[in-house]
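Subject: A structure to look through, with notes

Hello,

Here is the structure that I promised to hand over, and I would be glad if you kept it open beside this message while you read. My notes on what was found follow below it.

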Amino acid sequence: MTEPTAPTAHRAGLCADRVVAVTGAGRGLGRAHALAFAAEGARVVVNDLGVGPDGSGGGTPAGDKDGRSGGPARAVVEEIVAAGGEAVVHGGDIATAEGAASLVATALDAFGRLDTLVNNAGFLRDRMLVNLDEADWDAVVRVHLRGHFLPLKHAAAHWRAEAKAGRTPVARVINTSSGAGLLGSVGQGNYAAAKAGIVALTLVAAAELGRYGVHVNALAPAARTRMTEQTFAEAMAAPGEGKFDAMAPANVSPLVVWLGSAASDGVTGRVFEAEAGRITVMEGWRPGPTDDRGARRSPAEAGETVRRLLADAEKPGQVYGAS
């Protein structure tokens with residue numbers, strides 16, 4: 001399967017006339033999402049800082065204060081526009097309050113509305129825990145977790161204002177978690193912690209924002225990107241010619257587009273895995289075997305109870321990279 005191409009010129013489709021902002025949309029999954037939304041009729045705000053896989057280099061491209069010229073985001077916008085779609089560049093840092101606010105403002109200024117937010121931006125700085133310094137911890141947690149919180153906060157404030165003005169939106173948020181955040185991943189303590197936090201943030205946002213017409217879901221994708229093709233090189237390798245490319249980012253985008261459309265009404269507070277041709281509804285923490293004796297236990301008695309309960313419990317998922 002080949003990478004997606006820009007949409008043909010039309011205003012029909014599952015997301016016709018919706019306005020979608022995608023962060024980290026210059027390459028990989030974000031690019032695939034932006035092209036897929038445009039192919040379904042959406043007008044797209046393409047955000048990207050143009051940094052390296054570890055967050056180094058790049059930065060706001062030359063141009064206005066929001067970085068609306070140059071960089072990989074510009075290439076995606078040009079691809080969409082050349083085929084008759086509508087898109088604009090946003091080069092602000094969405095892990096800052098100013099950048100996140102300007103992301104929403106860019107959608108409103110360019111297209112007069114915002115319907116869907118796809119939080120996707122991120123990078124890796126992998127280290128084993130004993131070698132992971134504070135700067136690499138902070139940088140990864142900042143871009144993933146804070147970089148989800150701030151765009152969500154500013155978009156939600158806009159949608160709440162719309163709802164209070166009697167214009168309740170049909171708004172959608174798709175957050176990007178990871179299998180590392182659901183199961184853990186050796187050498188990725190910072191990344192896994194941030195991605196697990198994104199799941200919790202999703203659940204809270206879904207509960208808080210439903211009254212304003214906002215649905216919030218999370219996705220744990222598996223695809224070939226700059227972040228994964230080095231860490232999981234063998235699994236992410238492209239297949240031979242004519243074979244299904246299971247790790248192509250475009251395989252993930254159809255679910256993201258559907259979740260970002262009005263057709264996903266009633267689906268909120270959920271976490272999905274998407275890989276190749278597979279979609280899985282993930283089922284998180286829930287009570288398992290339990291024992292209540294109605295009185296305090298000694299430490300030894302507590303241990304005996306735990307051993308007995310674990311014998312009846314489901315086995316935990318395998319941590320990625322664990323031997």
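Before that, a word of care about the source. This is a predicted model, in which local features need pLDDT of at least 70 and side-chain atom pairs count only at pLDDT 80 or more, whereas totals for chains, interfaces and linings use all residues. Residues are numbered from 1 along each chain as its sequence is written, and side-chain values use heavy atoms, with hydrogens and water left out.

The sheet

Eight strands form an open sheet with mixed pairing, in the order S3-S2-S1-S4-S5-S6-S7-S8; strands and helices here are DSSP runs numbered from the N terminus (E, at least two residues, for strands; H or I, at least four, for helices), and two strands pair if DSSP finds at least two bridges between them. Strand S3 (87–90) and strand S8 (278–282) stand at the edges with a single partner strand each, so one side of each is left without a neighbour in the sheet. On average, and with direction ignored, neighbouring strands of this sheet are turned by 20° against each other, where axes are lines fitted to C-alpha atoms (for helices over the stretch in contact) and angles run from 0 to 180 degrees between N-to-C directions.

Strand S4 (residues 116–119) runs parallel to strand S1 (residues 19–22), to which it is joined by three bridges, and Val 20 has Thr 116 of S4 as its bridge partner. S4 is also joined to strand S5 (residues 171–176), again in parallel, by four bridges; here Thr 116 is partnered by Arg 172, while Asn 119 stands opposite Asn 175. Between S4 and S5 the chain passes through helix H4 (residues 134–164), and this β-α-β crossover is right-handed, which is to say that, with the strands pointing away from the viewer, the path from the first strand over the helix to the second runs clockwise. S5 in turn runs parallel to strand S6 (residues 214–222), with six bridges between them, whereas strand S7 (residues 271–275) and S8 pair in the antiparallel sense over five bridges, with Val 281 of S8 as the partner of Phe 272.

Is S4 covered on both faces, or which of its residues lie on each side? Both faces are covered, since Thr 116 and Val 118 on one side and Leu 117 and Asn 119 on the other are all buried (buried means under 20% relative accessible area, exposed over 50%, and partly exposed in between, with a 1.4 Å probe and protein chains only). In S5, six of the six residues are buried, with Ala 171, Val 173 and Asn 175 on one side and Arg 172, Ile 174 and Thr 176 on the other.

Two packed helices are described by the angle between their axes and the distance between the axes. The axes of H4 and helix H6 (residues 189–209) come within 8 Å and cross at roughly 15°, which means that H4 is roughly parallel to H6 (angles under 35 degrees count as roughly parallel, over 145 as roughly antiparallel, 65 to 115 as roughly perpendicular and the rest as oblique). The crossing of H4 and H6 is right-handed, a term used if the near helix is turned clockwise from the far one by less than a right angle, with left-handed used if anticlockwise. Among the residues that meet there are Trp 137, His 144 and Phe 149 in H4 and Tyr 191, Ile 198 and Leu 201 in H6.

Two single residues

Ala 107 lies in helix H3 (residues 97–111) and counts as buried because its relative accessibility is 0%. Leaving aside its neighbours within four places in sequence, Ala 107 is in contact with Val 19, Val 45, Gly 112, Arg 113 and Leu 114.

His 158, whose place is in H4, is buried with a relative accessible area of 19%. Not counting residues up to four places away in sequence, His 158 touches Val 104, Leu 108 and Leu 114.

With best wishes

Conventions: Contact means heavy atoms within 4.5 Å.
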